[in-house]
Structures are given as structure tokens and as C-alpha cells.
Amino acid sequence: LAEAKARLVAGGAEARRDRRRHKSKAERKQYEALEALAADVAIADANAGLTPSADYLLDLEETQLKAEEEAELRAAKRELAEKMRQREALLRKQKALAAKRANQRSWATAIAMFPVDLVAFATKTTFSRWGVLAAFAGAFVATLSAAVSYSFRKLERDLTKDADEDDDAESVVSVGGKARRAFEAVSAKVAELRKMLEKPEKKPVPERERRYADAGTSNVTAKAAAKLSGRAAETTGAEKQSAKSAEAIHADLYLARRRCLSALVNMSADNRLDWRRRLRCHAALLRLAAKGGGRPFLVASLGAPGSAAAAMDLWVERKTKGDGKPMLQPGPDAALQLLRVLATSASPGVARAMRDAEVVASGSAAHTLLDVLAETPGVLQVQHAGLATLWALLRLGARAEAQLEKRLIDRGLFEHCQDEWEDSKEDEGVAHGIGGVVMQLAANGDADTRAGLTRSGAQALVSAVFAKHPGVSYKGAFASLKPWLREKP
């Protein structure tokens, strides 16, 4: 039995069970012998009392089938690789042929096909995702441009709005319209005066008249010389009369201008008028003061600083009262800008008129400005103008008994400067105003005031302003504060 199994194993390693795959007779005979041997082994196992195996050739068949499958798989892979290589070679050949045909296309064909190619490229780009993104970006830019243009046009209309344009539809004749008509009348009078004062062109004097005029050195008669002298005397008298009339017209025009400005100032301070009309009066005074000349002095001397401070004080009172009444809208921007223009004027006459104003001398204008600044934290336009005006008022000074600097510090001016620095440190104008106010407080104050500012960290705040904005300059206005700026708390 052992020898039969050994022969089975030795002979079955080279045989195949499937007779349909055997072509030669030798192979078929070999396999038949192998099957007979397997049958003998099965019979021997049965005679020996052993359980015969189902198929003694099963292990040989599995090994042979696995080897055949692997061989077929390798062949299929080789065939697939060859087909892929042939396909790639065919694609390369087609691309090369297409490129060759494109390069061989004539210039006439290229020019004729350019519109078609352009339309195809535009269509392909338009309906791609990049085209859609470009369309959305273009629409966004167009909308943003239209919005910015509309904002600038509206701002320009607001800035160039005439004084007689009334937002209130119920008003018939606005205060600004009356003021404008008055100033138009004054302008017409000034034009007439200029026309009267225009000197006529001198006509060339003939040689004979020049000889007559010089009677002492010529051979003319005394009678002719006297005649010419009388004509000159008449001309001189007419010129003197014209000069006197011009002075009278100038005086009349000055009085008319003064009356108009006085009316505007009185209306701006009249609480019986509507809030918007009062603001229009301040806007008219602002435009006149900004034109320069003698107008700022007249505006300041007729009480405009007091009316502007009163308007801001009323706005703050209504905002903080909390009695349920609506706030005054719009804010007193025109009054604030008017006070700024007058306080920062370089004219000595305007500065003298501002010092003589009661609201400046008593310090009430500065206190009102501090209230406005405290009610509008972070509003750059108000903070910029308010700090600049407050700095100018501190520079103008107040009466000694007013103790303006100490009272402002006690009311929290320095703390407001610190808070506003944290909110608006990026704005150079606000930073310039903060530094100017703090150093002006130190420059005007006594030793106790400077010591209190030092304990509060004023030097650190000024150093932060210069560090954040290196371009800020005070042009030597605080050169005397160098030792104080070096002090540490």
C-alpha cells in the first residue's frame, strides 16, 4: 500500500485528470494508470479496515488547477499590457498628426477661423466656473462703484447746499433765504461802488497841452496857463467828492453787513425758533467765517461763540435729561465747527474777540465741549473737531479765578482722553488733538496740576501718541514742557 501511494504521488505530479485536455495517447494512458493505482489504494484501505479517501487525486488536481489559473492570469496581464501600449502609441500618433495638421494650416484659414475660435473660447470661458465667478465679481464691483458714486454725489450736494434750502416742507421762507437775500443786496452795492471807484484810463496829453501846463518854462501866455490850472483844480475837487462818497458807501455797507450778521447771531440763539432753523443760522455764520477777511472778527464780536455754546449745551441737556422727549436732531455739528473756526483763527483781532467773549473767559464753552465729547465717544468727526476746539480754547485761556484746567481735570477730561485714545488711536487727527489737550493742560496748569497729570500717566499717553503717529508735530509749541515730559509717575 505504501509503495502504491508513493507511485501515485510520483506519477501524479506530471499527469492531468481532465482527459479532454490530453492530446497524445501517452498522456491518456499515463492518467488511466494513475486512476487504476488510485482504485487499488482505495481497495487496499478498505480491506485493511481504513476509511478510504473520497479522491486520492484531489490534492494533485487543486495544485494543477491553481498553476493553470496563474499561468492564464499572467498571460491575460501580458495581453492587456500589450493592448494598452498599442492604445497609447495610437493616441500619441493621433496627437502628433493633429498637431502636424494644425501647424500646416495656412494663414488664410487661421484668419478666417479666428472669429470662430474666439467665440468658442468666449463660450467655453463664460459657461465655466471661472466665468461665473468673474460675472459675480463684476456685478459686485459695479454695484459697489455705483453706491460709492452716489455717496460722493450726495456728500457733494450736502456740502454745496445753499443756505436757503429748507428741509422742512412746511416752511415758506427760511432764515437762510432771508440772510442770502440781504447779502445779495450788499454784494450789489459793493459792485456799484467798485464801478464808481474805477479810474478812467488816462488819455495821452498832446504836446501843446503839456507846454501850456508848464507855463514857467515855455513861451505860452499867462492866460492859457491860468485856464489849464483852473481845469486841473476842477478835476481835483471832483475826485475828492468821489472819494468822500466812496467812504460813505463803505461805511453803509459795513453797517449793513454788521446788521445782517447780528440778525443771524440773534436768531441762532433764539430758543423760540425751530432747532433746524437755528442750525441753519450757525451754518450760514460758519460759511461766512470760513471766507476770512473781516468776517470772522465780526462773527466773533457779535456773540457767535455764546450762541454756538448755547446750542451745544441745549443738545447735551436734551440728550441726558431722560424726560421722554425726543432728542434734538440733527446734532449741533454746525455750531461745533463754527466755534472751531473762530477759536483756531490766526487773526489777532479774532483771538482778542474770542478772549473777550464771556463763554470763553468763564470757561463755560470748554465745559460744554467736554460734555459733547463725553456723549459722543468713538465718533471720529466729532472727537477730531471737539478736541481741536478744546485745545484752542485752552490756548486762548480764561480768567484766573475760573481755574479752568483744574475744573476740567476734575470733571474727567484726562480720563476721556485716555478712553478716546483706546477707541480712536488709529486716527491721526484725534491723536493730535489728544496730545495737544494734555500738554496744554500741563502748560497752563500750576505745579499741582502737573503733578496730578503725572500721577495719572499723562507722559505715557503723550509718548504713545508720538510712537503711534511719528508724523505728529506741534512745531515747538510745547518746548517748555521737555523736563516735565521726562518725569515718571
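Me: Which residues are buried in helix α13 (residues 348-356)?

Reply: G349, V350, A351, A353 and M354 are buried in helix α13. Buried stands for under 20% relative accessible area, exposed for over 50%, and partly exposed for what lies in between, with a 1.4 Å probe and protein chains only. Helices are DSSP runs of H or I with at least four residues, numbered from the N terminus. The model is predicted: local features need pLDDT of at least 70 and side-chain atom pairs pLDDT 80 or more, whereas totals for chains, interfaces and linings use all residues. Residues are numbered from 1 along each chain as its sequence is written, and side-chain values use heavy atoms, with hydrogens and water left out.

Me: What do the buried residues of α13 pack against?

Reply: They pack against α10 (295-301), α11 (304-321), α12 (333-343), α14 (358-361) and α16. Contact here means heavy atoms within 4.5 Å.

Me: Why is A343 called buried?

Reply: A343 has a relative accessible area of 6%, so the label buried applies. This residue is in helix α12. Leaving aside residues up to four places away in sequence, A343 touches M354, T389, A392, L393 and L396. The C-alpha atoms of A343 and L396 are separated by 7.8 Å, although the two residues are 53 residues apart along the chain.

Me: Why is α16 described as roughly parallel to α19?

Reply: Two packed helices are described by the angle between their axes and the distance between the axes. The axes of helix α16 (residues 380-396) and helix α19 (residues 428-444) cross at roughly 25° and come within 9 Å. Axes are lines fitted to C-alpha atoms, for helices over the stretch in contact, and angles run from 0 to 180 degrees between N-to-C directions. Angles under 35 degrees count as roughly parallel, over 145 as roughly antiparallel, 65 to 115 as roughly perpendicular, and the rest as oblique. The angle therefore makes α16 roughly parallel to α19. By class, the contact of α16 with α19 has 8 nonpolar, 8 polar and 1 charged residues. In this scheme Ala, Val, Leu, Ile, Met, Phe, Trp, Tyr, Cys and Pro are nonpolar, Asp, Glu, Lys and Arg are charged, and the others, Gly among them, are polar.

Me: What makes α18 roughly antiparallel to α19?

Reply: Helix α18 (residues 413-424) and α19 pack at an angle of about 160°, with their axes 10 Å apart. That angle therefore makes α18 roughly antiparallel to α19. By class, the contact of α18 with α19 has 10 nonpolar, 1 polar and 1 charged residues. On the α18 side, L413, F414, C417, E420, W421 and S424 take part, and they meet V430, A431, I434, V437, V438 and L441 in α19.

Me: How do you know that K319 and E375 form a salt bridge?

Reply: The closest N and O atoms of K319 and E375 are 3.2 Å apart. A salt bridge is a side-chain nitrogen of Lys or Arg within 4 Å of a carboxyl oxygen of Asp or Glu, so the pair qualifies.

Me: Which residues are linked in a network of salt bridges?

Reply: E358, R399 and E401 are linked in such a network. The side chains of R399 and E358 meet in a salt bridge at 3.3 Å, N to O. This pair joins distant parts of the chain, 41 residues apart: R399 is in the loop between α16 and α17 (404-410), and E358 is in helix α14. The side chains of E401 and R399 likewise meet at 3.3 Å, N to O.

Me: Why is E401 called exposed?

Reply: E401 has a relative accessible area of 60%, so the label exposed applies. E358, with 51%, is therefore exposed as well. R399, at 35% relative accessibility, counts as partly exposed.

Conventions:
Helices (H or I, at least four residues) and strands (E, at least two) are DSSP runs, numbered from the N terminus.
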